[in-house]
Amino acid sequence: MGFPENFLWGGATAANQYEGGYLSGGKGLSTLDAITGGSKEHPRMITYKTKEGKIEQVTREQSLPEGATGYIDPNQYYPSHVATDFYHHYKEDIALFAEMGFKCFRLSISWARICPKGTKEVNEEGLQFYQDVFDECLKYGIEPVVTMNHFDIPMYLADEYDGWTNRKVIDYFLFFCETVFKRYKDKVKYWMTFNEINFLRSWTQIGIHSSESQSRYQAAHHLFVASAKAVELGHQINPDFQIGMMVAYIPSYPMTSNPEDVLAAMEFNREQEFYIDVQVKGYYPAHKLKQFEREDVTIVKEAGDDELIARGTVDYIGFSYYMSTASTANPENVKYVGGNQVPAVKNPYLTESEWGWAIDPLGLRISLASLYDRYNIPLFVVENGFGAVDQLTEDGKIIDDYRIDYFSKHIKCMKDAIELDGVDLIGYTPWGCIDIVSAGTGEMKKRYGFIYVDMDDEGNGTLDRKKKKSFDWYKNVIASNGEQL
Ligand code: BG6
């Protein structure tokens with residue numbers, strides 16, 4: 001009963017939100033290096049140069065003019081440039097993870113650190129950096145869990161190729177994967193291809209200039225082909241590799257028992273399940289093909305793509321779970337709250353975080369059970385957590401009982417999913433196990449960590465690390481294999 005003995009307890013981060021060192025050690029520019037900070041009220045902005053040489057900016061959701069190139073404006077603050085400086089603090093941070101008893105640590109590799117332009121030139125210093133990081137993890141018996149691509153692309157590929165709309169980018173990505181798989185084949189076993197593949201739609205995330213459905217779905221097709229090829233290649237390089245996909249999972253409940261609301265919830269849920277269907281079942285679901293017909297979206301495929309997608313299915317489903325939402329056929333009658341990249345409907349049965357994200361531990365059990373029923377392959381909760389403002393007490397402590405409460409309820413629901421629903425759950429990596437930059441708002445004050453980092457929204461701070469109350473709490477959760485919550 002309870003969590004399996006070899007359960008992968010750990011924590012999760014991403015290069016662009018944690019690493020910093022944005023030009024150190026031969027790293028090239030990534031699209032994320034040209035996105036400013038923001039807040040709940042003010043969106044993060046992409047800064048770019050037009051073909052005519054004018055400096056302009058748009059929000060993440062907007063399109064960039066054709067021929068626009070990413071631009072770092074010296075008058076703006078870009079949180080990714082230093083972030084919380086894992087680049088220079090990795091030994092200290094990994095020692096703290098080891099003290100908590102981590103069995104694994106999820107991080108992403110910055111493509112532009114390995115291939116500065118995203119093309120076939122390799123930066124040995126970048127490869128050595130991650131080798132040192134993995135060796136440091138392995139020294140403590142911590143299994144690295146690696147996301148190949150988390151929300152960015154080398155800026156050169158966005159500028160010159162229009163990112164993932166261009167099929168040539170598949171080849172460059174595969175070169176990056178091959179380089180990394182071969183170099184770390186005896187150090188890393190667990191991989192994921194694209195973080196939250198269902199949310200990849202903007203210039204910063206995938207380098208595409210237009211936000212129209214045609215570009216977005218063409219890019220998605222290229223991501224599917226790239227992922228399938230990466231799975232095949234990885235398994236050839238080391239048959240023991242476990243290569244997963246990663247999706248943001250936000251289950252939606254019908255707002256009422258009105259069948260129209262039930263249909264609306266089904267449609268919401270299958271938009272995210274579409275990405276899982278392709279990568280787990282190995283084909284485009286019929287409803288998506290019908291949508292393409294209706295919306296005049298034409299996916300340009302090459303001969304063999306369908307067979308490749310069918311062959312290159314993943315070994316496990318990694319997913320983030322923060323919140324649920326509700327769906328209704330009468331949107332004018334509902335209240336909206338914040339959401340993880342989607343506006344979410346206020347569910348009267350749930351409360352929300354300060355950023356409006358609904359707190360729904362049972363939704364995690366529902367997600368685990370329904371994903372396992374539907375796909376029947378191992379699941380890995382690779383992100384979950386509570387973004388909150390942490391206040392320091394007069395004697396410098398962070399008493400984050402709200403975070404402990406959030407985690408204990410979610411972990412209890414994972415345990416129920418294992419014990420009562422028979423779900424094959426292999427691990428749990430709470431998001432931002434150490435404070436990092438918020439992806440959505442670019443803030444530092446939206447903190448998730450068990451470890452506090454002294455850094456503010458303007459880039460001021462000593463970068464000193466400090467354990468929060470939740471640090472010892474999570475240490476005990478791991479030591480008791482999820483029994484003591
Ligand atoms: C997920 C992303 O969407 O949510 C992370 O994979 C992100 O990169 C996390 O940080 C939490 O979102 P935010 O906006 O609070 O940082």
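**Notebook: contacts, rings and strands**

I began with Gln279, which touches Thr193, Ile197, Phe224, Ser227, Met245, Thr313 and Val314 when residues up to four places away in sequence are not counted. The model I am reading is a predicted one, and I keep that in mind for each entry below. Gln279 belongs to helix α9, which covers residues 259-281. Is Gln279 buried or exposed? I find a relative accessible area of 5% for Gln279, so this residue counts as buried, the limit being under 20%.

Next I looked up strand β8, residues 242-248, where six of the seven residues are buried, so that I note the strand as mostly covered. Which strands does β8 run parallel to? Strand β7 (residues 190-194) is joined to β8 by three bridges, and the two run parallel; within this pairing I find Tyr190 with Gln242 of β8 as its bridge partner. Strand β10 (residues 316-320) also runs parallel to β8, here with five bridges, and Met246 stands opposite Gly318 in β10.

I then turned to another sheet, an open one of three strands in the order β3-β2-β4, with antiparallel pairing. Which strands stand at its edges? They are β3 (55-59) and β4 (69-70), and because each has a single partner strand, one side of each is left without a neighbour in the sheet. Looking at β4 in more detail, I see that its antiparallel pairing with β2 (residues 45-49) extends over two bridges, and that Lys49 stands opposite Thr69 in β4.

How accessible are the two partners? Trp111 is buried at a relative accessible area of 1%, and Trp164 is buried as well, at 0%.

Lastly I checked for charges placed over rings, and wrote down two cases. The charged end of Lys40 sits over the ring of Trp355, at 5.1 Å from the ring centre. In the other case the ring is that of Trp357, and the charged end of Lys446 sits over it, 3.7 Å from the centre.

Definitions and conventions: Residues are numbered from 1 along each chain as its sequence is written. This is a predicted model: local features need pLDDT of at least 70, side-chain atom pairs count only at pLDDT 80 or more; totals for chains, interfaces and linings use all residues. Side-chain values use heavy atoms; hydrogens and water are left out. Buried means under 20% relative accessible area, exposed over 50%, partly exposed in between (1.4 Å probe, protein chains only). A charge sits over a ring if NZ of Lys or CZ of Arg is within 6 Å of the ring centre and within 35 degrees of the ring normal. Two strands pair if DSSP finds at least two bridges between them. Helices (H or I, at least four residues) and strands (E, at least two) are DSSP runs, numbered from the N terminus. Contact means heavy atoms within 4.5 Å.
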